[in-house]
Amino acid sequence: AVLGIMSCQSGKTRKTMQIIREWTGKTIVFPDIKPFCLSANDSLFIPSNQYKILFYSDSLGCTQCSLRLLEWKSHIEDIGSKADFLFYIHPKTERTLLLDLKSTKFNYPVFIDTANLLYNTNKLPDNPMFQCFLLDQNNKILAIGNPTRNPHIWELYKEIITGKPAEQQPLTTIEAEQTEIVIKDLQTGKTSEAVFRLKNTGGNPLAVIMVESSCGCTVPEWEKEPVAAGKTTEIKVKIRPEKREFFHKTVTVHCNTEGGRIVLNIKGSVEK
């Protein structure tokens, strides 16, 4: 059966269900755009898998926040060669996009859609949550939703691609040494670091599924291996402010606890 999915959070709106019903089963039409890649010959990229994951991003808002390139790199490594990833980006400027690709070492093909052809040809939904699709080999939409914004969507994508149900992690409990860190010497263009320590206080291993930042100027790093009961793991967050402001960003740790996540806060004042 063809599946259309969104966030597994409660309170799905009528509009959400309408979008899912409208788009599930549609066929995406791809414009003729040559891909760009930092480290490879552009012309060598030819989609060859049974499944494709299509991600579109427009030029609105913070580029790093909308692209979430580090999260995409993690997903690409996770699924291996079982699916093709198609990134269609309509950037504010090509220069800004190229700088983001270089700073994150994103060495995967990207379609720089300066004329916004993919969006206009297919009349894509305006909501960024619905601008990502799992497609079959005929470009028919099997599932909808941005997996970098919700780890449950990624698990559902993997179920469809691999044909195997996602393994259910036994639950545990965690305790944060602190959920808020204030950094006093934040400066534009200068990288600072905040370190959060989480202790596994339950009886089962702690699995950190994904760490999501609220802005591209905060980049989290974490251990991918399960954390044994009674042990502590660190979430390291590199912060590089882009402008003078009161700085308040969040980092959401998705893990196998009853609530499914814990939100960590980084605050400070960027004065220069």
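Mentor: Let's start with a definition: a residue is buried under 20% relative accessible area, exposed over 50%, and partly exposed in between (1.4 Å probe, protein chains only). This is a predicted model, in which local features need pLDDT of at least 70 and side-chain atom pairs count only at pLDDT 80 or more, whereas totals for chains, interfaces and linings use all residues. Residues are numbered from 1 along each chain as its sequence is written, and side-chain values use heavy atoms, leaving out hydrogens and water.

Trainee: Is Thr114 buried, exposed or partly exposed, going by its relative accessible area?

Mentor: Thr114 is partly exposed, because its relative accessible area is 47%. It sits in the loop between strand 3 (110-112) and helix 5 (117-122); helices (H or I, at least four residues) and strands (E, at least two) are DSSP runs numbered from the N terminus. Beyond its neighbours within four places in sequence, Thr114 is in contact (heavy atoms within 4.5 Å) with His90 and Glu94.

Trainee: How many helices and strands are in the chain, and what is its radius of gyration?

Mentor: The chain has six helices and 13 strands. Its radius of gyration, taken over C-alpha atoms, is judged against a globule rule of 2.2 Å times the number of residues to the power 0.38. For 272 residues, a compact globule would come out near 19 Å, and the chain agrees because it has 19 Å. Along the principal axes, the C-alpha atoms fill a box of roughly 50 × 45 × 40 Å. Buried residues make up 46% of the 272. Among contacts between residues at least 6 apart in sequence, 70% join residues at least 24 apart.

Trainee: Which residues touch the most other members of the largest nonpolar core?

Mentor: In soluble globular proteins, nonpolar side chains tend to be buried together. A nonpolar core here is a set of buried Ala, Val, Leu, Ile, Met, Phe, Trp, Tyr and Cys residues joined through side-chain atoms within 4.5 Å. The largest one has 44 residues, and Ile53, Phe87 and Leu134 touch the most other members. A second, separate core has 25 residues, including Cys65, Trp222, Ile262 and Leu264. Back to Leu134: leaving out residues up to four places away in sequence, its contacts include Tyr51, Ile53, Ile141, Leu142, Tyr157 and Ile161, and also Lys52 and Lys140.

Trainee: Where is Thr233 found, and what is it in contact with, neighbours within four places aside?

Mentor: Thr233 belongs to strand 11 (residues 232-239). It counts as buried because its relative accessibility is 5%. Setting aside those neighbours, Thr233 is in contact with Phe196, Arg197, Leu198, Leu206, Glu223 and Val227. One of these partners, Phe196, is 82 residues from Thr114 in sequence and 40 Å from it in space, C-alpha to C-alpha.

Trainee: Which residue other than glycine has phi near 60°, and which has a positive phi of about 50°?

Mentor: Most residues other than glycine have a negative phi. Asn116 has phi near 60°, and Arg68 has a positive phi of about 50°. Asn116 lies in the loop between strand 3 and helix 5, and is buried, with a relative accessible area of 12%. Arg68 lies in the loop between helix 2 (63-67) and helix 3 (69-79), and at 9% relative accessibility Arg68 is buried too.

Trainee: Which residues are buried in helix 3?

Mentor: Leu69, Glu71, Trp72, Lys73, His75, Ile76 and Ile79 are buried there. Just after helix 3 comes Gly80, with a positive phi of about 65°.
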